[in-house]
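Biologist: Please take a close look at one part of this model. I want a strand, its partners and its turns.

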Amino acid sequence: MTTMTDLLSPAAAPSVPGTVELHVGGRWLAVCAAEALLPGRGVAALLPDGRQAALFRDRAGRTYAIGNVDPFTGAGVLSHGLVGAVGDRPYVASPLLKQRFDLVDGRCLDDEAVAVATYPVRVR
Amino acid sequence: MADTTEKTLVLVGHGMVGQRFLEALADRGVTARTRVVVLCEEPRPAYDRVHLTSYFSEGVSPRELSVVEDGFMARHGIELHVGDPAVRVDRDRRTVTARSGLTVGYDTLVLATGSYPFVPPVPGKDAAGCFVYRTIEDLLAIEAYAAGVGSGAVVGGGLLGLEAAGALKGLGLDTHVVEFAPRLMPVQVDTGGGDALRRRVEALGVRVHTGVGTQQITVDGGTGRVTGMALSDGSHLPVGMVVFSAGVRPRDELARGCGLLVGERGGIVVDEQCRTADPSVFAIGECALAADGRVYGLVAPGYEMAETAARTVAGEAGAFTGADLSTKLKLLGVDVASFGDAHGTAEGCLDVCYSDARSGIYRKLVVGADGTLLGGVLVGDVESYGLLRPLTGSVPPVAPEHLVLPAGAGAPVALGPSALPDEAVVCSCNNVTKGAIRAAVGGAGAGGAGGGAGEHSCTSVAEVKKCTKAGTSCGSCVKVLGQLVDAELEAAGVEVDKGLCPHFAQTRAELYEIVLALRIPSYRQLLDGHGREGARGGEGCEVCKPAVASILASLAPVVGASVHVLEGEQAALQDTNDHFLANMQKNGSYSVVPRIPGGEITPEKLIVIGEVARDFGLYTKITGGQRIDLFGARVEQLPLIWARLVDAGFESGHAYGKALRTVKSCVGQTWCRYGVQDSVRMAIDLELRYRGLRSPHKLKSAVSGCARECAEAQSKDFGVIATANGWNLYVGGNGGATPRHADLLAKDLSDAELVRLVDRFLMFYIRTADRLERTSVWLERIPGGLEHVRDVVVHDSLGICEELEALMAAHVAGYRDEWAGTLDDPERLSRFVSFVNAPGTPDPTVRFVPERGQIKPEPILLSLTERVTV
Ligand SMILES: Cc1cc2nc3c(=O)[nH]c(=O)nc-3n(C[C@H](O)[C@H](O)[C@H](O)COP(=O)(O)OP(=O)(O)OC[C@H]3O[C@@H](n4cnc5c(N)ncnc54)[C@H](O)[C@@H]3O)c2cc1C
């Protein structure tokens, strides 16, 4: 059986410097190479305490991080959603039932009573 | 103890009108204070007789035809006696006796016994193989008998005769219609309309014999079975079965039996309250002879009578003084409408006609000497029915000759609903005037009775429907309603925004034209150059990104965009499913569907699918599109699964994309004794040609090898049915929640002609449809409908066919399997991980539990997830 490592040739390794870091549990955690964050598309990170974060980058290069688990379905899918904006407030639309979550404060734009966690994030 | 003051109402007949009457009683609270007993002759409660033929044409089951909401009888305490008809009424004692011997005393008796089919007294009419067509039992008997014969004839070419012909055709029989009058539907349409209708019906393969009578049904002396019909012109029509559809007669026998007055030609005489001469007895529906001296054979007037009788019983005012016989029908897939004085019987009236024999379109208006529109007949193109019917009785604002010309045939002015006077009834089912609709929107000075302007301020058709009930019954006025609402909003200064989303003011079709004309290769370029003012340079959204991604993918080879949907910028625009080339399921896992062109697969490949499913522990299910869906894959497993599938020669099935899904097929001529063409080969050819084609919505297709239509091609976006001479192409079909029968676009095509026409049709759809608009909706929406599409893709009326074909050729040449292209590209592959910082770790929220020997998603307790309450 083929394995993932067979398929991933060295060319996949990041060639542009810069690392995305997440502030969690009182310290900065390196998550991925900056290049892995495609503008408008997210990635998921597994946090040391077992929680999951979804990281995004917008067109202007700003990075965001919110909880990855969609509160409406319980599935870890927000990182797979599409990024959009209301005015210049960016949000991600859950791929399952399409509720939108503000990337800055984690609030659900379609249900006032719901929000997801947010995490400070930086590129170094 | 029983409340001795409680009154009893007995309803005889539980048909469409009887059920509507019960609903009207319940709405008025009568069922709560009255004992209601219903005697129903048929073995099942009321069902939708009007759509009987959908059993054959769309496979609707008898259960689905029911018009009685689940639990309705119990909720309202109604006693329903199914299969127990009333046999006697004793008006002196006020009792009804049923066949079972049950006798019920009544205070009020309502007769809703409907009609029976009239069978002309021709010799042989009772032979085995002779039927009528009115009930589900008739339909089941016809179906059973038809299995043993190859052809059938319908006696009668009226509305019901054509329905019956549709049923026989649906059963795969060679179908004939024999009509005594010189034309089809003699009651509703005139000679010209009848001719157009005839051409259309014959184009569907039904043989029409008009101006001939049926003299005898010929019968096999030995078996007693029908062998054919002897016609009045001396000919013999050999057929295996006969359905009589020569009109209906009111079932007034109970009324006659108890001395109630019936009309000369039948029908229980009632007054404007639907009451007989006996004040405690009412008659409604097809069994009644209404106060205007007519017996109505349509369901809408019956419903009005039901409402009137229920009001009277409840002590409210109400009257049925006669009904509009306007009808818009789809018979055998042909649109027919007639309204007002369709036959021009008024003194001094004149006809204005448009007739196009080639495409079977006929439109006639009857105009009074002073220019008043009196009525009309429309066949083949009934687009303007919604506007013309409400204009009846007024002088139209443009000359009538302009009103009969179809759109695009040189009509100088398109008549809009603004031409209607305020008192024009737009929705005749619910009697809503244009003025009332304007008032609902809050338009200027249109305050109708009961509400000043501004009291309502509906801003959409949905709100207006809710507020006025307009457009909620038959739906034929919805289009006009939409135009009225738009016009009203525009007049009120409310801007009607048809733009795609907050970032683009254009529709999808307009964006397509921009991308094509200016050869724009990227979303960014389109947004920054053509987005709304404030949106340029911004982020866009989940609506416009995939829509533009789809346009770019359809036009990739022409505009120089990347051909692979995960290449460069395109990757960030795709919907989640396209992004992972798989379908996300409820717990965040994905499903995988390899392409199986035409549904044909070798045992070796079937084994590979089985092995992959077993090795990765996937749940497997056969899809409706003749392929196999593998569920429960984690993101990081997708490339591994596909590496094996691609190795075995499989390709992406695009189950995740707004793209061609499958081309189903029946086994066709190669194996089937009925097949006339090789449907499997054609399905494979079509599927391989259009695989990967991105479109406004998913595309489904099928190819049937004969008229029996086992592949269900007429429920597909484009469907192909084999004929002895080639292929018939149907378009705009749909299953699902809003089923639509496909329309015949062209017939008897050669292989090459078929492919060329499908090329053009698909490219024209991709070019002009809205985002997420299936072909069925598109075909109904675009001005001119099917006729316009036929003009464009068959007759090249816009001169774009060459371009459409070239675009398709570019797609075909540029096609590459997306999965093979992903496995080859480490950069694309690197995205298939659950966690970017722990590529080997599976997502712990994706969990499964066993069920019936396979897996299913473990139910998630939402209270345990990270839900932050603010
Ligand atoms: C194939 C077909 C297509 C049609 N298409 C259209 C269309 O497109 N548009 C349109 O407007 N109309 C159409 N019609 C006509 C429409 O169905 C009728 O107008 C409508 O059903 C009349 O309703 P009703 O309740 O008066 O009669 P029915 O629906 O006939 O109901 C009467 C019921 O009473 C029962 N009954 C009779 N006597 C007794 C008794 N003594 N005791 C107990 N029960 C009894 C009968 O068995 C029957 O069930 C179509 C009809 C058919 C058959």
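Modeller: Take β5(B). Strand β5(B) runs antiparallel to strand β6 (residues 103-105) of chain B, and three bridges join them. A strand here is a DSSP run of E, at least two residues long, numbered from the N terminus. Two strands pair if DSSP finds at least two bridges between them.

Some ground rules. Residues count from 1 along each chain as its sequence is written, while chains are lettered from A and ligands numbered from 1 in written order. The model is predicted, with pLDDT of at least 70 required for local features and 80 or more for side-chain atom pairs, whereas totals for chains, interfaces and linings use all residues; side-chain values rest on heavy atoms, without hydrogens or water.

Back to β6(B). T103(B) in that strand stands opposite T97(B). The hairpin of β5(B) and β6(B) has four residues between its strands. In its turn, G101(B) has a positive phi of about 100°.

Now the other partner. Strand β4 (residues 86-90) of chain B pairs with β5(B), antiparallel, over four bridges. A86(B) faces this strand too: the residue opposite is A98(B).

What covers the faces? Strand β5(B) spans residues 95-98, and both of its faces are covered. T95(B) and T97(B) lie on one side, V96(B) and A98(B) on the other. All four are buried, meaning under 20% relative accessible area with a 1.4 Å probe, counting protein chains only.

Technical notes: Buried means under 20% relative accessible area, exposed over 50%, partly exposed in between (1.4 Å probe, protein chains only).
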